Amino acid sequence: MTYTNLELASMGKVPLADELLGSWEIVPNPHSTSQAERSAALVDLGFGKRFSDHMAHATWTAERGWHDFRIEPYEAIAMSPAGAVLHYGQEVFEGLKAYRHADGSIWTFRPTYNAARLNHSSRRLAIPEFEHEAFIGSIVNLVRQDAAWVPDAPGSSLYLRPFIFASEAFLGVRASHRYEYMVVASPSGAYFANGFQPIDVWVEREFHRAGTGGMGDAKTGGNYASSLLPKTVAHDAGYDEVMFLDATMGTDIDELGGMNVFVVMSDGSIRTPRLTGNILAGCTRSSILQLLRDEGRDVREETLPIADVLAGIDSGAVTEMFACGTAAVVTSIGSLSSRDFHVDLPGHETTKAIYDHLTGIQLGTVEDTHGWLYRLA
Ligand SMILES: *Cc1c(COP(=O)(O)O)cnc(C)c1O
């Protein structure tokens, strides 16, 4: 098999966490949450609602490059109302998790994939790149500082959100001359409130999230902004998620706007849309493809016309579909609907097996044959 540039970049060697300690200056939060308060906060987690006591923060200027690497108190940030990101959306982000294993140790999953992807996104948005080692260093030092915020309930984790935004106070249209890199950490439970429940998906025909030459394969807020109106309409109509089709012909499955899509066939083969440039190259997608290939499964990355998938569901050739991403891991798709069709997907067996395999690796209960786990603490 051939690897993508992100997969190749993610195989690079990274120093052990201990060697990265001290690479970020620690400025402790004088108002850190008390243990009692934190224990209470870690009970009913939800997703992305609570934040730990610290955040990572570095700044880029043309004169100094990236500098002032600090783990500092989590607090509101001051920015000029003319800050470029507020006007032109020059921003990229990442998402990864810190998992607590049964022995209390803390791990993350393929962090160099995220480091490489952050730079891939940054290049598209004319943002200066951030070194892999500094990226991993920010995660290591933040998680060590806020280790008590890594929950241990089943399905829970400390969700890490690295991001870079244009902070120069300037309204002219050009790439900013100042940027902030930050990581915030959010103790989180399962992404979907009702656990491993199949989701109902609305297939969107009117709006697209990204088109050829756009930013579809960059992890940037702008793509999410364009998905929010269709998502709101679909939510109001009772659907959990929106599936976007390609913007050129409107015939082929792209992704869910925050999750990649897989189709399981009755002959045991598995298909997923190929990386056209309009799709975000998910780390979860990459990991699932690798695990299925390890098993000798027939896995294909190809154009998936929605009409063929609907016909396949009708004929029984398609047995399952699922969506995947770091936040929600692997989620079974229970139905697909649009103005002129509604189909149910009965099976979830293969999806559940993939979910179990992947989460098993992440939680240290299934062998990690690819060296994807990275010990943080
Ligand atoms: C982050 C993201 C995904 C999933 O990527 P993972 O690396 O698996 O978390 C899929 N689609 C979009 C648009 C995304 O932003």
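Is Arg 300 buried, partly exposed or exposed? Arg 300 is partly exposed, at a relative accessible area of 32%. For the cut-offs, buried means under 20% relative accessible area, exposed means over 50%, and partly exposed is in between, with a 1.4 Å probe and protein chains only.

Before going on, the ground rules. This is a predicted model, where local features need pLDDT of at least 70 and side-chain atom pairs count only at pLDDT 80 or more, while totals for chains, interfaces and linings use all residues. Residues are numbered from 1 along each chain as its sequence is written, and side-chain values use heavy atoms, with hydrogens and water left out.

Back to Arg 300. Its side chain meets that of Asp 298 in a salt bridge, 2.7 Å from N to O. A salt bridge here is a side-chain nitrogen of Lys or Arg within 4 Å of a carboxyl oxygen of Asp or Glu. Asp 298 also counts as partly exposed, at 34% relative accessibility.

The structure holds 16 salt bridges. Another of them joins Glu 301 and Arg 285, at 2.8 Å from N to O. Glu 301 sits in strand E14, residues 299-302, and Arg 285 in helix H8, so this pair ties together parts that are 16 residues apart in sequence. Helices (H or I, at least four residues) and strands (E, at least two) are DSSP runs, numbered from the N terminus. Glu 301 is partly exposed at 33% relative accessibility, whereas Arg 285 is buried at 4%.

Arg 178 and Glu 180 form a salt bridge too, with their closest N and O atoms 2.9 Å apart. Arg 178 is partly exposed, with a relative accessible area of 35%, and Glu 180 is buried, with 7%. There is also a network of salt bridges linking Glu 25, Asp 68 and Arg 70.

Next, helix packing. At what angle do H8 and H10 pack? The angle between H8 (residues 283-294) and H10 (residues 349-362) is about 105 degrees, and their axes are 11 Å apart. Axes are lines fitted to C-alpha atoms, for helices over the stretch in contact, and angles run from 0 to 180 degrees between N-to-C directions. H8 and H10 are therefore roughly perpendicular to each other; the classes are under 35 degrees for roughly parallel, over 145 for roughly antiparallel, 65 to 115 for roughly perpendicular, and oblique for the rest.

On the H8 side, the residues that meet H10 are Thr 284, Ser 287, Ile 288, Leu 291 and Leu 292, and on the H10 side they are Ile 354, His 357, Leu 358 and Ile 361. Contact means heavy atoms within 4.5 Å.

Now the strands. E16 (residues 329-338) pairs with E17 in the antiparallel sense over four bridges, where pairing requires that DSSP finds at least two bridges between two strands. The two form a hairpin with two residues between them, and Ser 338 has Phe 341 in E17 as its bridge partner.

Last, Thr 319, which is found in strand E15, residues 318-325. Thr 319 is partly exposed, with a relative accessible area of 26%.
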